Amino acid sequence: MTVNYMNDGGVGKGGSVDPGMIGKRGRRIFAPFPVLVDMVRAMTVLMALLCTWPLHGARAAEAVWITHPDLQAKVATVLHLRNSVDLAGVPETLWIDVSADPRFILYVNGRRAAAGPATSDLKHWRYKRVDIAPFLRQGHNDVGVVVWNLVHSSGPLAQVGAQTAFYLRAEDSAFEMLNSGPQWQGRIDAGHTSIAAVKQLWRHLKDAFYAASNPEVITAADADWGWETGPLAPAGWKDSVPVIEANATVPWTLTPDPLPSMRYEEVEPGHVVRTDMSATTVFPAQPVTIPANSHVKILLARPAMVAAYPSLTVSGGADAKIKLLYAEALYDAQGRKADRAEVGTRVPRGIYDTFIADGERRKFESLDWRVWRFLELEVETQGAPLTLEKLTVFETGYPFRQVAKFVSDDVQLNRIWNIGWRTATIDAHETYMDSAYWERLQYVGDTRLQALISYAVTGDDRLAVNAIDAIGWSNVDGLTEGAYPSRTSNLIAPFSLIWIGMLDDYYRYNPNPAVVTRNLPRARQVLKWYAKYLRPSHILGKTPTWNFVDWVGQSGQDRDVFPSYDQQGESCLTTLFYLGALQQMARLESALGDRNLGAADADKARAISAAVRARCWSAERGLFADDPSLTKFSQHSNSLAILYGVTHGLEARQILSRITRNTGIDAPEGITQTSYYFSWYLAQAFAHAGQADRYLALLSTWRDLLKLNYTTWPEERGNTRSDSHAWSAHPTADLLGFVAGIRPDAPGYARILIAPHLGSLTALDVTAATPSGPVRVRYGVSKRSVSTTIWKPAGLRGVFRWKGKDYPLTKTRTTFRLPR
């Protein structure tokens with residue numbers, strides 16, 4: 001279809017140049033008749049508008065969801081769809097709304113223009129608004145999309161969907177021929193398939209739970225190459241058909257994507273650290289040729305973990321098989337990890353994509369992104385040599401703009417901060433993720449800590465708002481899902497209470513109350529669900545879900561033994577979570593919701609606090625117990641008791657001394673200790689008890705991890721499954737908040753408090769993000785004094801606190817020199 005679009009450098013390009021005043025080469029000419037000039041201008045505009053309509057036939061129909069007529073439902077599929085338009089001129093803008101189920105990549109004239117849609121559920125299915133004008137040209141234009149559904153029973157669990165389908169709507173009615181409908185043609189790519197990841201993993205990692213992206217298989221001889229551009233080949237291409245019959249209910253409720261496009265940036269591919277063939281050590285900096293009838297393994301290492309799209313260009317080598325195996329770390333013969341930089345005889349284990357060459361020059365690219373620090377290429381050639389020409393890596397993830405920095409005279413602290421930030425970026429895409437390699441699920445417990453890192457390092461709250469809303473959309477009898485979006489249900493009752501904590505965090509760190517206000521009714525449902533299980537004793541009974549608090553003991557029995565319950569089925573630990581949520585809701589209701597409900601929540605919280613004191617305090621141990629039997633004790637219960645005000649002052653400080661050692665987060669014998677994840681609550685308890693100066697000592701646990709050369713933080717202690725788990729990255733936020741001392745001092749970050757705890761540091765230069773703009777603090781410590789310079793936005797009120805005294809911050813730049 002042809003569209004005439006004026007493009008003369010003036011009106012056709014959206015300019016406002018007077019055609020009566022411009023002559024050849026842009027020189028001014030005399031226009032003696034202004035009225036005539038105005039008429040010419042008006043006629044030119046009118047012609048430009050009229051010429052945007054199709055030259056032939058009636059306007060295209062409204063956009064509908066389409067698919068290929070031969071596509072079978074519930075079958076893993078890669079589908080190519082094509083349309084074209086001829087343009088007499090290129091429009092200034094051409095906005096389209098585009099979506100697919102479940103995933104798409106849009107190409108315009110062979111160039112990647114967009115990808116998506118952002119992960120969500122069917123009631124809030126995302127579409128992306130894209131301006132494709134920069135990709136257009138005068139004359140013939142090809143618009144193509146690959147839609148893929150590589151969902152198997154085992155994953156990816158975060159990928160919700162109804163059936164494989166595509167949707168596109170041009171916002172300008174002059175371009176309705178681009179709307180998804182019968183004018184689009186499609187072909188199923190028989191050469192691009194996938195397999196369930198567990199079939200690969202269970203050979204070596206049977207106990208490792210996996211719920212993320214599935215491996216892909218590309219057989220070049222059967223694949224659809226060059227489909228994005230050029231004339232449509234008649235073989236196999238068929239007119240698209242509507243997915244939904246007339247008058248039937250459409251399963252997707254389209255909503256605009258609130259997030260920016262994910263990053264797609266070329267990064268270093270890595271270097272060879274081991275190979276079966278010495279000539280391949282120059283790859284990927286230089287091409288290498290694998291001889292015929294050879295079997296070669298090439299192990300590449302990157303300087304740090306990456307989430308990225310790999311692209312491998314090869315030539316020759318008909319029938320050669322190439323495997324790309326992605327691993328976070330290397331394993332010994334017993335399946336154990338050690339120093340993450342050590343290679344030796346260790347081997348990678350993980351999922352792998354498979355490419356089968358056809359003798360031509362091909363670029364093999366997975367549709368989905370992968371996560372790795374080590375990438376192994378395994379090549380088996382047949383009767384012809386294969387040349388590995390190029391390996392290109394395109395990093396992806398949420399496009400955070402890093403505002404914060406942490407630079408001190410302690411090199412290890414700087415590394416801890418940077419590793420945490422890299423971990424946070426690896427696990428932030430269209431949702432927050434517990435682990436980008438293993439699950440890609442947005443668990444509430446993980447997400448709360450990830451959002452706090454985002455606030456402090458970037459000031460960008462969009463991904464956090466998306467998470468808050470999405471988790472709130474999930475609803476099972478009042479509870480939120482433990483992870484959402486997800487194709488399967490996984491109720492974790494305490495995570496619903498942590499979601500309320502996310503609302504309270506947002507209220508403190510961000511100035512937009514609407515995010516909290518619209519979620520308050522949903523939060524009330526969570527409290528109503530919990531109220532059913534509150535006993536007359538004001539202690540919670542056992543709820544019929546997974547009452548996960550933390551991984552403890554690293555055994556499969558954790559669900560049954562932690563948290564614990566007494567003979568009456570009551571738990572002090574889960575009650576403390578409920579207490580915290582009631583206090584948070586009382587605060588939010590009083591400020592933004594129903595004050596009567598807020599008062600009622602506060603009254604209930606006081607009664608529960610008294611009950612915990614009466615029934616869970618062991619005078620003998622000087623600790624709060626995990627259940628009223630007073631036989632089991634943990635860092636968890638005692639941290640929450642301090643954090644939620646059941647105890648305070650000297651008693652709180654004595655408790656902290658009893659549940660920790662001198663350094664690190666480890667507990668003394670007889671006390672259940674926190675994981676890296678739950679130690680965030682332990683750190684908050686220290687700060688709440690007025691002992692934030694102990695924070696640096698807690699970080700000795702992360703200093704020990706540095707000895708193993710992690711580039712992202714692990715999931716748990718010991719031989720961890722995941723090497724990139726952002727719930728362990730919370731020191732990146734707290735080094736800014738506790739050590740540099742930069743944190744909100746009023747809801748919405750309307751006021752700032754800067755109260756550092758420098759320990760043995762002698763130099764520290766820190767920037768943190770706030771909604772008002774960056775705040776920078778520079779400290780210099782001598783034997784007798786501390787010099788401090790603070791830069792802050794003009795409209796942000798605040799104080800600097802040192803040794804219990806507050807100093808107002810009234811200028812954009814303030815300098816202090818105070819006794820040490």
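## Strand E23 and its partners

In strand E23, phenylalanine 355 is the bridge partner of isoleucine 322. The model is predicted: local features need pLDDT of at least 70 and side-chain atom pairs count only at pLDDT 80 or more, while totals for chains, interfaces and linings use all residues. Residues are numbered from 1 along each chain as its sequence is written, and side-chain values use heavy atoms, with hydrogens and water left out. Helices (H or I, at least four residues) and strands (E, at least two) are DSSP runs numbered from the N terminus.

Strand E20 (residues 321–327) runs antiparallel to E23, and five bridges join the two. Strands count as paired if DSSP finds at least two bridges between them. On the parallel side, strand E12 (residues 216–219) pairs with E23 over three bridges, and threonine 219 stands opposite isoleucine 356 of E23. Strand E23 itself covers residues 352–356; four of these five residues are buried, so the strand is largely enclosed by the rest of the structure. Buried means under 20% relative accessible area, exposed means over 50%, and partly exposed lies in between (1.4 Å probe, protein chains only).

## Helix H12

Helix H12 (residues 635–643) is mostly covered, with nine of its nine residues buried. They are Gln635, His636, Ser637, Asn638, Ser639, Leu640, Ala641, Ile642 and Leu643. The cover over these buried residues includes helices H10, H13 (649–659) and H14, along with strand E31 (623–624). Contact here means heavy atoms within 4.5 Å.

Serine 634 caps the N-terminal end of H12, with a side-chain oxygen 3.3 Å from the backbone nitrogen of histidine 636. A polar contact is a pair of N or O atoms within 3.5 Å; within protein, one must be able to donate a hydrogen and the other to accept it, and residues adjacent in sequence count only if both atoms are side-chain atoms. Just after H12, glycine 645 has a positive phi of about 75 degrees.

## The largest pocket

Rolling a probe the size of a water molecule over the atoms shows where empty space is left. The search uses a 1 Å grid over the protein atoms alone: a cavity is a set of points where a 1.4 Å probe fits but cannot get out, a pocket is an open set with protein on both sides within 12 Å along at least five of seven lines, and lining residues have an atom within 4 Å of a point. Grid points are joined across faces, edges and corners, and a volume is the space filled by probe spheres set on the points.

The largest pocket holds about 1,100 Å³ of space. It is lined by 44 residues, of which Arg508, Tyr509, Gln684, His688 and Arg743 are the closest to its centre. Elements giving two or more residues to this lining are helices H4 (444–457), H6 (493–509), H10 (572–592), H14 (679–688) and H17 (731–739), and strand E32 (742–744). The lining has 22 nonpolar, 12 polar and 10 charged residues. Ala, Val, Leu, Ile, Met, Phe, Trp, Tyr, Cys and Pro count as nonpolar, Asp, Glu, Lys and Arg as charged, and the others, Gly among them, as polar.

The largest cavity has about 50 Å³ of space, and its lining consists of Arg448, Leu497, Ile498, Gly501, Phe577, Gly580, Ala581, Gln584, Tyr644 and Tyr681. H6 and H10 are the elements that give two or more residues to this lining, and H10 gives the most, with four. By class, the lining divides into six nonpolar, three polar and one charged.

The second largest cavity has a volume of about 40 Å³. Its lining is made up of Tyr210, Ser213, Tyr326, Ile351, Trp369, Arg370, Val371, Ala436, Tyr437 and Arg440. Seven of these residues are nonpolar, one is polar and two are charged.

Serine 435 sits in the loop between helix H3 (411–426) and H4. This serine is buried, with a relative accessible area of 0%. Leaving aside neighbours within four places in sequence, serine 435 is in contact with Asp427, Arg440, Arg721, Ser722, Ser724 and His725.

Asparagine 512 lies in the loop between H6 and helix H7 (514–517) and counts as partly exposed because its relative accessibility is 35%. Glutamine 525, in helix H8 (residues 520–531), also counts as partly exposed, at 35% relative accessibility. Beyond its neighbours within four places in sequence, glutamine 525 is in contact with Asn475 and Gly478.
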